[in-house]
2 protein chains.
Amino acid sequence: MSARILIVDDTPSSVKMLAAKLTNEYYQVLTAGDGQAALEAVDRDAPDLVLLDVMMPGLDGFEVCRRIKENPKNTHIPVVMVTALGNSEDRVKGLEAGADDFLTKPVEDTTLFARIRSLVRLKHMLEQWRLRGATSEKLGFVTEGINVLDRGTAADIILVDDSTVQKKKIIKSLGADNDRVTVIDDYEASGRVADIGGDVVVISLNSDSDAPLRMASRLRSLDLTRQVPILLIGDAEDQALFIKALELGVNDYIMRPLDEQELIARVRTQVRRKRYQDRLHEDFLQHLSMALTDSLTGLHNRHYLSTHLDAVMDRMRESEKPVSLLMIDADHFKQINDSYGHSVGDEVLYEIGQRILRNIRGFDLAARYGGEEFTVVMPDTPIEVALGVADRLCEKMANEPISVSGSKHKIVVTLSIGVSVSRGGDETAENLLKQADDAMYQAKKGGRNQVIPKPPKSAKTAVEALPG
Amino acid sequence: MSARILIVDDTPSSVKMLAAKLTNEYYQVLTAGDGQAALEAVDRDAPDLVLLDVMMPGLDGFEVCRRIKENPKNTHIPVVMVTALGNSEDRVKGLEAGADDFLTKPVEDTTLFARIRSLVRLKHMLEQWRLRGATSEKLGFVTEGINVLDRGTAADIILVDDSTVQKKKIIKSLGADNDRVTVIDDYEASGRVADIGGDVVVISLNSDSDAPLRMASRLRSLDLTRQVPILLIGDAEDQALFIKALELGVNDYIMRPLDEQELIARVRTQVRRKRYQDRLHEDFLQHLSMALTDSLTGLHNRHYLSTHLDAVMDRMRESEKPVSLLMIDADHFKQINDSYGHSVGDEVLYEIGQRILRNIRGFDLAARYGGEEFTVVMPDTPIEVALGVADRLCEKMANEPISVSGSKHKIVVTLSIGVSVSRGGDETAENLLKQADDAMYQAKKGGRNQVIPKPPKSAKTAVEALPG
């Protein structure tokens, strides 16, 4: 994919050379001559990747990287640090500043382009998630800023390695930094990776076969492991394999002899990235589920009820099974609000919701219908059973007053419940709701704190035979 | 990226050869020997791409492709048809069956791999969206099946071409099939593409410069055009450029001499894909916005109110401006529900919501607070102005009874409104709501159908000076 790349370097000739290379590969190139200009360019132009020189007067590369990554708006922009120095201490320092990778000058073209492609691909994917986040915000969701300075420690690592000696060393290095290091010594066992579900998979290229790379490829092809970061460990002569691996979707690699600190730092980088992505995903899930949940009681909302009641009735119609429905209204609820105030009223509604949930079965569907009204849909349930549930709920509610905060005495709440049952055939959701609603109003008129069924003709005998 | 590729061919030697090539590139390979087996494999294994032979006994490739694409679960899986025949009629037939591309045997490796990479990348991106869709469904959203058999016509095409002759021909071909063909004759004008915002961009490689490819690259680097399909038109000797273009994110290409039907078919394929993606996006937006909207009235819901009131107050505090808040409750609403039934009650609530919206300003925020209670947040508004709005609303409501369906006479609804204003400084949203709520209760006690302010001390004089 094409991308906008920001080159940051205080040596004009370096900038020029790199810019020419990238332009030749059809990348869009931006440049900055020092750290301050780099930060401004990142804010202004939102590049897809930053190639960042380490040694610069003023703000050095480490500091620039840290500032880019600290800003939640920019944290997903990959930063590759480029340095004339090849020592591991610098690499570790860069990675800990949040850099996604570290390359040594003179940068070899094939490696550079492979890295860029890999990081840009990842960035575009994150961008898709972030766009959704931005949309959420525009619509009015408030998301907490994601903690981008996660240390990337205390993770769950999977190590795939069949050499006894090296394995031990890696387990020791990564074990100190992480919660768990699980070892798999069979390169065919991609399924186990999915089962274990770690934060990062480290794969050693230590046999002559291409099994390690095939495993990486398989992990990328399986839905369950497609997004898990993969880090390869290999030798300098594996360079061609590394390039291939990046194309396949491997995220990073490190060369032997293993520098312990660098290994830890690279794993942390991947853990951070994974957590960032997970977090974007969780926000998304939370926002979606809000759309179907009543925020006060945590029950489903009316929208959910109306879309699902139809589906339940269709299913039950096919198997010729009855659907029962309870319409539940808290008696004299307005008085509670008037005497105790809204926040106590809310507490009472919450508690009613909880009690309803406790008294129904897992496959029943409870929703807040509105105000102080609740609905329970009971699939595959004859009206006798539904009446039993309603009676029990009604009784319990009357006998167990509700405690509320800021008040010593408990509030007695009673319920009026109407119960209906589908007649099968052409019964509609609307009618089922209406029948239960009518029955509930009869319960109100009849003095409240009671259950009234609205049985279909065919169910009449069964209902009359009920106790109470 | 690695991927699971399904090879469908009734000639075992063809399967074997292609499988070896793909395995060598670290793809996961699945195979099927006929159309029926192919459809089963697609359902069972959900491959990332299908390479589909056209000529097979039983179900031929066209029919297999059609069936894959007809199924909403599989429609996003790219299908590349492979045939021994090179005629354009077949290509068009394949594209119209929903194929994403059409290759002629013997397939040249570089082209094949470039196509696969490009289609797999797109598929992974769509997969991200689809996953969200699947999550939505699991959470309980009901999405209409996306119409995958969209013809891909009546689109908005942008043609970038600086040759007078060819341009005319293309405009004629595509113009017959589409709503609009806009021509840009300047390869530097990527910005105009974003401004016009078409469904597909067709770029002709017809100058000796690399300007066309640079334009494609630039379109892929800009947020606004990153997702728009790009189709290149070039000559057979541009093969290397085509491969490069696919890597850059161009979606398809077609070679001169232009076959009119093939051009139309390829453009349709891209339009279909674009619409599919747009639809996934719209579903997402709709689901999200539901989370913040009261489904009955279309106003913001309480969740939205509570997150945004804080933000509004923070902003106003900084600029030392007052925030006024109305708490609006419909009088004796329970009686309406009791006398006319819930559905009439709902109509009345909807109408109250609409009247509130009509009587406030664009930057005021109206929400359904719950039941028959509504809230309006008025930033940068002194209480005198808020009282004016509340009085007008109260009066209009009392004087203009509400028409409801199924009843000739209209329903008179009155409102009790409490109005509060922030005192600045350490004022909290909670307190602002409470003050308005208290005032609203005073309005109720005072006989309903009236507005009561709860002014802060500092605003007292101003309020006392108000008429009425």
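Colleague: Which residue of chain B comes closest to the rotation axis?

Modeller: Ala291(B) does, with its C-alpha at 1.6 Å from the axis. This is a predicted model, in which local features need pLDDT of at least 70 and side-chain atom pairs pLDDT 80 or more, whereas totals for chains, interfaces and linings use all residues. Residues are numbered from 1 along each chain as its sequence is written, chains are lettered from A and ligands numbered from 1 in the order in which they are written, and side-chain values use heavy atoms, with hydrogens and water left out.

Colleague: What rotation and what shift superpose chain B on chain A?

Modeller: In general, two copies of a chain are related by a rotation about an axis and a shift along it. Here the rotation is 180° and the shift along the axis is 0.0 Å, with an RMSD of 0.1 Å (least squares on the C-alpha atoms of residues with pLDDT of at least 70 in both copies). The two copies are therefore related as by a two-fold rotation axis. Both copies use the same surface, since 100% of the contact residues of chain B recur in chain A.

Colleague: How many residues of chain B are in contact with chain A?

Modeller: Contact, meaning heavy atoms within 4.5 Å, involves 63 residues of chain B and 63 residues of chain A. The area buried between the chains is about 5700 Å², and carbon and sulfur atoms give 55% of that area (accessible area, 1.4 Å probe, that two parts lose on being put together, summed over both). Met1(B), Tyr26(B) and His342(B) supply 13% of what chain B buries against chain A, more than any other three residues.

Colleague: How many salt bridges are there between chain B and chain A?

Modeller: Side chains of opposite charge can pair when their charged atoms come close. The rule asks for a side-chain nitrogen of Lys or Arg within 4 Å of a carboxyl oxygen of Asp or Glu, and the count between the two chains is eight. One salt bridge joins Lys244(A) to Glu25(B), with the closest N and O atoms 2.9 Å apart. On the side of chain B that touches chain A, helix H5 (residues 109–139) of chain B gives the most, with ten residues (helices are DSSP runs of H or I, at least four residues, and strands runs of E, at least two, numbered from the N terminus).

Colleague: Which parts does the salt bridge between Lys123(B) and Asp48(B) tie together?

Modeller: The closest N and O atoms of Lys123(B) and Asp48(B) are 2.7 Å apart. Lys123(B) belongs to helix H5 of chain B and Asp48(B) to the loop between helix H2 (35–45) and strand S3 (49–53), so the pair links parts that are 75 residues apart in sequence. Lys123(B) and Asp48(B) are both buried (under 20% relative accessible area; exposed is over 50%, partly exposed in between, with a 1.4 Å probe and protein chains only).

Colleague: How far apart in helix H10 of chain B are Glu262(B) and Arg266(B)?

Modeller: They are four residues apart in helix H10 (residues 260–290), which means a separation of about one helical turn. In chain A, salt bridges that share partners join Arg91(A), Asp101(A), Arg115(A), Asp252(A), Glu262(A) and Arg266(A) into one network.

Colleague: Which residues of helix H4 of chain A are buried?

Modeller: In H4 (residues 88–96), the buried residues are Ser88(A), Asp90(A), Arg91(A), Val92(A), Gly94(A) and Leu95(A). They pack against helix H3 (61–70), strand S4 (79–83), strand S5 (101–104) and helix H10 (260–290) of chain A. Just after H4(A), Gly98(A) takes a positive phi of about 105°.
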